[in-house]
Amino acid sequence: MSEPADEPGASFPMPRTCPFGMPPEYQKMRGEGGVTRVRMPDGSAVWAVSRYDLARELLMNEHLSVFRGHAAFPDVTGRGGARGSIQPKGMLTWMDPPEHSVYRRMLMNEFTFRRMGHLREPIERFIDTRIDEVLAGPRPVDLVTALALPVTRQVICELLGIPEEQNDAFNVHLDRVLGTGTSNEDRAASWGAVRSLVGDLIAEREARPADDLISRLIVKYKEAVGAEVDYEVLIGLIMALRTAGHESTAAMISTGLAVLLDNPVQFDQIKADRTLIPGAVEELLRFLSVADRATARVTTADIELGGTTIPAGEGVLVLNASANHDEAVFDDPASFRLRQDSARHLAFGYGIHQCIGQNLARLEIEAVIERLVARVPGLRLAVGVNELTFAQDSLFYSVTELPVTW
């Protein structure tokens, strides 16, 4: 068993090679055993896990914490904390068991494959409305702002039950809360606005329930906890759902479309046979792994992993993009292609914190591709792929603008 390294060998985050390549250091790290010390933007050292087998093994280990308030929690944004000083009580992805188990059970039935099937028709209507606007407007058009962002925002607001007239305010303020470039003063002001807006909605739904997720969460909270609703917990849960249902999915839609448009052979296959779309989505999830920086943890006990001891109380990053490009698991992983084993990816994480909204994300990505293939078969990039810019410093890797024509 090796002793913990004293000095990190590389700095994190490591930029991807545009447009879609992984950081070259990932392959080197996998070859060196897959458990590596890296230096974070704030100067701290954490452990990076880069091999597929070790990533799965570690994410099943009970001696890990996702609590952002821990001093050793990896600061992936360089801002002195995952989201600054705001720590909502009900933020599911920031909870450890047993609290996490209670609230996750409340949500599990809301995101089953069967329930998501009932959402396909309204989601396709949202997408078609946006495509109508795209086709009626000038060319080229940016699909990030014209399609990916508004569709994912509308879907999650509709699911939650946010009134249409409040969608803009809800999204603007929550974007500021979650944004890495927001000042602490603006973040606090926007957090206050979110708490007020959502708190009023909870009170309204408690008095007059509707057919929406907020109303059902009120009932489920009282059943699970056996007490009156804690508004701060529900506000945090709603914030977590909106984050999971918007940021990463919008990044996958826009950047996934860029990949498809840059791979005309595979895109033509999908146009000719739309039954290939679900498999193509799994491959896009594997190939892009946009949430590579989101799987951070802190050890709560010594953990032996791949012959290395990770001491208790240290930060860990599980690099799912590296795991999803592990040559020991995926043949020619640096290539995008329609393959049989894509669904083995770890793009949604693994273990007890695996993304609860993954069925919704898949549905939205599939529906966008299907409707574009059906209605705009001549869609193409309006610029060369090497002219696209990407959000290297964002929590979710994504193309910042996707100009297209047809």
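Phe 20 is buried, with 7% relative accessible area. The model in which this residue is described is a predicted one. Its mean pLDDT is 91, and 95% of the residues reach 70 or more. Residues 1–5 have a pLDDT below 50, and beyond near neighbours in sequence this stretch makes 11 contacts in the model.

The structure contains 6 aromatic pairs.

| Pair | Centre-to-centre distance | Angle between planes | Geometry |
|---|---|---|---|
| Phe 20 and Phe 287 | 6.4 Å | 50° | tilted |
| Phe 20 and Phe 390 | 5.8 Å | 85° | edge-to-face |

Phe 287 counts as buried at 6% relative accessibility.

The pair of Phe 20 and Phe 390 also links distant parts of the chain, here 370 residues apart. Phe 390 belongs to the loop between strand E10 (380–381) and strand E11 (403–405). With a relative accessibility of 10%, Phe 390 is likewise buried.

Phe 20, Phe 287 and Phe 390 belong to one aromatic cluster together with Phe 336 and Tyr 397. Over the ring of Tyr 397 sits the charged end of Arg 16, 4.4 Å from the ring centre. A further such arrangement involves Lys 271, whose charged end sits over the ring of Phe 267 at 4.7 Å from its centre.

Definitions and conventions. Residues are numbered from 1 along each chain as its sequence is written. This is a predicted model: local features need pLDDT of at least 70, side-chain atom pairs count only at pLDDT 80 or more; totals for chains, interfaces and linings use all residues. Side-chain values use heavy atoms; hydrogens and water are left out. pLDDT is the predictor's confidence in each residue, from 0 to 100. Contact means heavy atoms within 4.5 Å. Rings of Phe, Tyr and Trp (its six-membered ring) pair if their centres lie within 6.5 Å; planes under 30 degrees apart count as stacked, over 60 as edge-to-face and the rest as tilted. Buried means under 20% relative accessible area, exposed over 50%, partly exposed in between (1.4 Å probe, protein chains only). Helices (H or I, at least four residues) and strands (E, at least two) are DSSP runs, numbered from the N terminus. A charge sits over a ring if NZ of Lys or CZ of Arg is within 6 Å of the ring centre and within 35 degrees of the ring normal.
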